[in-house]
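Q: I would like to learn how to read the features of a folded chain, taking one at a time and ending with the packing of its helices.

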Amino acid sequence: MISRAAVNGEVRMRGIRHFALAACAMGFMLAPATAADDPGKGPLAQFYSYLPAAPEIHLPEISIPFWTDDLKKAKRAYKNGDYARALTLFRSSSDDGNIVADWYLGHMYSQGVGVPRDDAMAYSYYSRVAEHYDPDETDPNRLKITVDAMVRLADYQRTGAVNAGIQPDPKAAAQSYLKIATAYGHPAAQFALGVMTIKGEGVKKNPSQGLKWLMASARKRYAPAEAYLGDLYWSGEIVTIDRTRAVMWYMLAQQSARPEENPEIFSRAQQLEGAVGEDERIEAEARAKVWDDQYPAEKVRPASGD
């Protein structure tokens, strides 16, 4: 079991440095990826889909199985809400070096699911996953999970976590997001870049460019991006006030979000829908359907699997 002492400056930066060095070698001349519609399995149901833009390189098969019996049991327990059993099984798999278990443990500690929230523990587990990043990885599952962990490390860089000894560094976070968004089209990185660019947080303020990042994320049906766009149109911040469009975006965000992880989206959506007239609500529904037909949530987000 790892300790808080493991979360120090060197550990915090190791995964990000690995990615940055590899990304520089790639030159980041790759086109932004589009949303994937491959359903995926296991913890990939926790991720928002993206297609790796790295060139296809054939390497030997990985000998260590991605899924083990304990890991399958742990995921089943987690899905059923038996977090105590899930925690025990994930820890067992983590001790065997399984990065899927490490990711789940990071998620549980970062969200306070089944354990008290502990950002230091979460950061340390995510760092374990990120250390396995390999730009030449041919296993899409391993590539997705390592890149996702790097996004979460960048989230900690952006906001900091004083209780975990992590100081905020928005500039470094923006650089990490940019590399991940450019090379892999990860919607969480695109969303963060959008917000930071609109606010001028760690980067030069550029609202029009920020909107482009938000739209790229929203096309992959990333709920926070959809909700943020809804708030922008409701308030008229950097865009013309459009109550119908605001409600539309929140309707879409409800389709994309998980109530247990984004309860604020559902309460805010209910608030906005209650503040508009029937005609505006009907028009918002029609606009949302058009968008969903073009970018359906069930196709850009992987389905859960055992």
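Q: In which helix does Tyr156 lie, and is Tyr156 buried or exposed?

A: Tyr156 lies in helix 6, where helices (H or I, at least four residues) and strands (E, at least two) are DSSP runs numbered from the N terminus. With a relative accessible area of 8%, Tyr156 is buried; buried means under 20% relative accessible area, exposed over 50%, and partly exposed in between, using a 1.4 Å probe and protein chains only. Please keep in mind that this is a predicted model, in which local features need pLDDT of at least 70 and side-chain atom pairs count only at pLDDT 80 or more, while totals for chains, interfaces and linings use all residues. Residues are numbered from 1 along each chain as its sequence is written, and side-chain values use heavy atoms, with hydrogens and water left out.

Q: Which residues is Tyr156 in contact with, leaving aside its neighbours within four places in sequence?

A: A contact means heavy atoms within 4.5 Å. With those sequence neighbours set aside, Tyr156 touches Ser110, Asp119, Ala122, Tyr123, Tyr126, Ala161 and Ile166.

Q: Where is Ser110 found, and what does its side chain reach?

A: Ser110 is found in helix 4 (residues 99-111), and at a relative accessible area of 9% it counts as buried. Its side chain reaches the backbone oxygen of His107 at 3.0 Å, and a polar contact of 3.4 Å joins it to the side chain of Tyr126. Leaving aside neighbours within four places in sequence, the contacts of Ser110 are Arg117, Ala122, Tyr126 and Tyr156.

Q: How many helices and strands does the protein chain have?

A: The protein chain has 14 helices and zero strands, and 52% of its 306 residues are buried. Among contacts between residues at least 6 apart in sequence, 63% join residues at least 24 apart.

Q: How many residues does the largest nonpolar core have?

A: A nonpolar core is a set of buried Ala, Val, Leu, Ile, Met, Phe, Trp, Tyr and Cys residues joined through side-chain atoms within 4.5 Å. The largest one here has 83 residues, and those with the most contacts inside it are Phe90, Tyr177, Leu214, Leu232 and Trp249. Helix 6 (residues 140-159) gives the largest share of this core, nine residues. Beyond four places in sequence, Trp249 is in contact with residues including Met215, Leu229, Tyr233 and Trp291.

Q: At what angle do helix 8 and helix 9 pack?

A: Two packed helices are described by the angle between their axes and by the distance between those axes. Axes are lines fitted to C-alpha atoms, for helices over the stretch in contact, and angles run from 0 to 180 degrees between N-to-C directions. Helix 8 (residues 187-199) and helix 9 (residues 207-219) pack at about 160°, with their axes 7 Å apart. That makes helix 8 roughly antiparallel to helix 9, given that angles under 35 degrees count as roughly parallel, over 145 as roughly antiparallel, 65 to 115 as roughly perpendicular and the rest as oblique.

Q: How do the axes of helix 9 and helix 10 cross?

A: The axes of helix 9 and helix 10 (residues 223-235) come within 8 Å and cross at roughly 135°, which makes helix 9 oblique to helix 10. Leu211, Leu214, Met215, Ser217 and Ala218 in helix 9 meet Ala225, Glu226, Tyr228, Leu229 and Leu232 in helix 10. In the loop between these two helices lies Arg221, which is buried at 0% relative accessibility and has a positive phi near 60° although it is a residue other than glycine.

Terms used:
A polar contact is a pair of N or O atoms within 3.5 Å; within protein, one must be able to donate a hydrogen and the other to accept it, and residues adjacent in sequence count only if both atoms are side-chain atoms.
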